[in-house]
Amino acid sequence: MTVLLLIPAVLAVLILVILLRAGLLKPTAAKTAEVKLDDSPRARAYGEQLSRLVRMETVSSRFDPDRQKFLDFHRELENMFPLIHRTCEKRVFNGSLLFRWKGKGNEKPILLMSHHDVVEANGEWEHGPFSGDIDEQGRVWGRGTVDTKASLFCILTAVEEMIRDGYVPGRDVYVASSCTEEWSGEGAPLTVEYLKEQGVKLDFLLDEGGMVIEEPVAGVKGTYAMVGVLEKGYGDVRFTARGKGGHASAPGKNTPLVRLGKFMAAMEKKSPFTSRFNPTVKEMFSRMAPNMTFGMKAIFANLWLFEPLLTRILPSISTAAGAMLHTTLAFTMAKGADGLNVLPQEAWVTANMRFIPHQPTEESIAIISREAEKFGLETEVIYSDDPCPAVDFRGDAFCLIEEAAAQIYPGVGVCPYVMTGGTDAKYYRDLSDNCLRFAPLYIDGQQYASIHGLNENIFQGALPLGVDFYKKVIRGSEKN
């Protein structure tokens with residue numbers, strides 16, 4: 001009886017602790033920070049220059065070996081950035097670029113990178129996908145503006161202007177730009193192979209990744225620079241069901257398509273993969289928690305208590321946040337019979353997988369293969385690679401990016417996060433322990449949603465901020 005009487009008191013203390021811990025989290029400057037876009041002639045000039053690059057269609061495909069369009073793009077870069085081409089060593093790897101800006105010393109070089117190939121631009125756009133239009137709001141329209149010609153433009157402009165001003169870096173600065181990033185092609189691997197042959201070991205590299213955006217997670221108020229420090233692994237898998245086939249007028253039970261359908265429904269209803277808060281996700285939410293709604297703040301300020309619950313419900317609340325906790329499986333393609341009235345002897349679906357480090361490639365594939373077997377399916381791995389090692393968000397490289405972002409975007413929060421998409425940075429893991437993923441450009445919600453979608457565009461007023469960011473990174477890297 002005495003124990004029962006204590007339960008209400010214990011619960012009251014527990015609730016008080018939860019509320020006190022939440023109340024101690026005071027909003028940070030990120031909650032009210034506003035990004036002031038540049039509206040100067042400089043921004044307008046940059047917008048016009050970026051427009052020239054967008055008008056050059058550089059759609060890449062694993063099924064098209066012709067590199068002429070990329071070589072044409074290179075010639076346009078040569079016209080726009082003559083000092084880089086006169087000063088830096090240039091190499092081309094089947095359409096992918098590498099520049100070496102020689103410094104005063106060759107120890108601890110850095111690499112800035114952003115690809116120049118783009119995905120297809122189907123559907124109806126407000127402005128043509130390769131128009132390069134600049135509207136009254138100062139938005140540059142077209143495929144590749146966000147992903148990732150704008151960041152490439154900012155890198156090259158920063159280097160061009162620093163050369164013009166007589167600056168010589170204290171260490172070698174490499175600039176790389178692949179033409180095969182969108183399909184994980186040979187551009188970056190060939191570049192890495194060359195750098196290995198030269199004995200290059202990078203202090204750090206900065207590739208595309210997160211950007212500067214408002215409310216990066218639902219319920220989190222404020223503006224944040226999201227810096228990717230961990231990239232999930234990638235896989236494409238085919239699941240095949242076999243049967244006797246026959247005429248569709250007399251179907252049997254559990255035909256190949258039905259088994260595939262049951263399998264897909266089961267996997268969507270309950271993921272077989274384990275969710276877990278890794279250190280990167282914990283740090284991300286720790287930095288965001290002060291600017292959350294009070295209910296969310298009470299939960300995330302007390303992960304010691306709510307973590308087991310969150311690992312189960314977060315994927316249902318936010319697919320983006322949930323994808324940072326576990327391996328994901330997305331069904332993408334399917335094929336059955338060739339005739340409308342034929343039962344297939346063989347049917348298949350493919351799935352795209354992104355592997356989390358705590359259940360890496362082989363383990364995740366083994367898990368999904370066992371699940372497929374329950375439905376009489378065969379599993380074939382078409383392609384796979386491993387998750388990348390996490391970069392230390394307390395290390396010098398991350399702190400340099402954090403400091404540069406704070407100077408360019410006053411008050412904006414800087415958060416490490418898990419990259420759920422793929423980048424060329426994954427190929428550089430043997431060259432550096434600090435492969436960071438961040439494009440220093442402000443985008444709004446519509447622009448974020450336009451990546452690989454309709455109406456991709458970016459503010460020309462964000463471009464000067466990006467250029468100045470890369471200049472600070474180059475200068476700041478010499479202090480490390």
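The legends below describe close-up views of a predicted model.

Local features rest on residues with pLDDT of at least 70 and side-chain atom pairs on pLDDT 80 or more, whereas totals for chains, interfaces and linings use all residues. Residues are numbered from 1 along each chain as its sequence is written, and side-chain values use heavy atoms, with hydrogens and water left out.

**View 1. The four-stranded open sheet with strand order S10-S12-S8-S13.** Helices (H or I, at least four residues) and strands (E, at least two) are DSSP runs, numbered from the N terminus. The pairing in this sheet is antiparallel; two strands pair if DSSP finds at least two bridges between them. Strand S10 (328–335) and strand S13 (377–385) are the edge strands, each pairing on one side only. Direction ignored, neighbouring strands are turned by 20° against each other on average. Strand S8 (residues 233–242) is joined to strand S12 (residues 346–355) by ten bridges. Thr240 stands opposite Trp348 in S12.

**View 2. Helices H7 and H12 against the sheet.** Helix H7 (residues 256–269) touches S8, S10, S12 and S13, and the direction of H7 makes about 145° with that of S8. H12 also lies across S8, S10, S12 and S13 and runs at about 160° to S13. Axes are lines fitted to C-alpha atoms, for helices over the stretch in contact, and angles run from 0 to 180 degrees between N-to-C directions.

View 3. Ile356 is buried, with a relative accessible area of 0%; buried means under 20% relative accessible area, exposed over 50%, partly exposed in between (1.4 Å probe, protein chains only). Residues up to four places away in sequence aside, Ile356 touches Lys232, Asn278, Ala323, Met324, Leu325, His326, Thr327 and Pro387; contact means heavy atoms within 4.5 Å. Beyond its neighbours within four places in sequence, Thr361 is in contact with residues including Phe355, Asp385 and Pro387.

**View 4. The packing of helix H5 (residues 145–164) on helix H15 (residues 463–476).** The two helices pack at an angle of about 55°, with their axes 8 Å apart. H5 and H15 are therefore oblique to each other: angles under 35 degrees count as roughly parallel, over 145 as roughly antiparallel, 65 to 115 as roughly perpendicular and the rest as oblique. Their crossing is right-handed, as a crossing is left-handed if the near helix is turned anticlockwise from the far one by less than a right angle, and right-handed if clockwise. Residues of the contact include Phe153 and Met162 of H5 and Val467 and Tyr470 of H15. The contact residues divide into eleven nonpolar, three polar and three charged. Ala, Val, Leu, Ile, Met, Phe, Trp, Tyr, Cys and Pro count as nonpolar, Asp, Glu, Lys and Arg as charged, and the others, Gly among them, as polar.

**View 5. Helix H13 (residues 396–408) on H15.** The packing angle is about 140° and the axes are 9 Å apart, which makes H13 oblique to H15. H13 passes H15 in a right-handed crossing. Among the contact residues are Leu400 and Ile401 of H13 and Phe469 and Val473 of H15. This contact has eight nonpolar, two polar and two charged residues.

**View 6. The hairpin of S1 and S2.** Strand S1 (residues 89–93) pairs with strand S2 (residues 96–101) over five bridges in the antiparallel sense. Glu89 stands opposite Arg100 in S2. The hairpin has two residues between the strands, and Asn94 takes a positive phi near 50°.
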